[in-house]
Amino acid sequence: MTQDELKLAVARAARDYVADSLPIGAILGVGTGSTANFFIDQLATIKDRLGGTVASSEATAQRLAGHGMRVLDLNDVEAMGIYVDGADEIDHGMAMIKGGGGALTREKIVAAVADTFVCICDGSKRVAVMGRFPLPVEVIPMSRAYVARELAKLGGTPRLREGFVTDNGNLILDVHGLSITDPAGLESRINEIVGVVTNGLFARRGADVLLLAMPDGVQIFKR
Ligand code: 5RP
């Protein structure tokens, strides 16, 4: 199977999960990235069941609206049953690295509101120890050099994501060379650096459900 076929398979499984688990008329959070895009296209087939959606990026909002789905401001939403999103890496404790698409801050905010985080990805993303994928850190532009020096003290090699500005008007430092044995500890440690908006470790609020596309079918893991 190609990676796109795996993404399509997990997107269909996620649509079925939402159809089975989310009460009719409830609000769904929708993530960002190529796997999330497959999911959005599948979601269109059950859009009449949804009360509305909340998007984790401008790109996702546009794609949802393009399918005729209602996109709500998170501030107008009191409760969200499920948030569906991809990941760059996920470990066996359901902690993730996210932000390959640069939407980590909004993703983390929407995930914080949702009751259940459903992670969708293919088998290549499941790892024993995270860090091979560079860890994205969103920073306020004037703090870029300072934050990079502080991240280097933690053992990583930060590199500015060239030519990229987040939906929030900030920059991304991608931190290479980390071996993340304590995801929750590192998530907190990086967030303490002044100038950091968010980092792409989703450990304190990890996934609750993982739908993992393998060549022989989609496997389900629960926290
Ligand atoms: C975007 C993300 C994505 O979920 C992550 O990068 C995975 O993307 P893809 O499904 O394209 O591999 O965190 O900020």
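**View 1. Lys125 and the ligand.** An oxygen atom of the ligand sits 2.8 Å from an N or O atom in the Lys125 side chain. This is a polar contact (a pair of N or O atoms within 3.5 Å). The model is predicted; local features need pLDDT of at least 70, side-chain atom pairs count only at pLDDT 80 or more, and totals for chains, interfaces and linings use all residues. Residues are numbered from 1 along each chain as its sequence is written, and side-chain values use heavy atoms, with hydrogens and water left out.

**View 2. Ser34 and Gly99 at the ligand.** The side chain of Ser34 places an N or O atom 2.5 Å from a ligand oxygen. Gly99 uses its backbone: a polar atom there lies 2.7 Å from an oxygen atom of the ligand. The protein covers 90% of the 380 Å² of accessible area that the ligand has on its own (Shrake-Rupley method, 1.4 Å probe).

**View 3. The shell around the ligand.** The ligand has 16 residues around it, each with a heavy atom within 4 Å. Ser34, Thr35, Asp88, Gly99 and Lys125 come nearest. By class, the shell holds 9 polar, 5 charged and 2 nonpolar residues. Gly counts as polar here.

**View 4. The cavity.** There is 1 cavity of 30 Å³ or more. A cavity is a set of points on a 1 Å grid over the protein atoms alone, where a 1.4 Å probe fits but cannot get out. The largest cavity holds about 30 Å³ of space, the volume filled by probe spheres set on the points. Its lining residues (an atom within 4 Å of a point) are Val18, Ala19, Leu22, Pro23, Ile24, Ile46, Arg49 and Leu50. The lining has 7 nonpolar residues, 1 charged and no polar.

Methods: A polar contact is a pair of N or O atoms within 3.5 Å; within protein, one must be able to donate a hydrogen and the other to accept it, and residues adjacent in sequence count only if both atoms are side-chain atoms. On a 1 Å grid over the protein atoms alone, a cavity is a set of points where a 1.4 Å probe fits but cannot get out, and a pocket is an open set with protein on both sides within 12 Å along at least five of seven lines; lining residues have an atom within 4 Å of a point.
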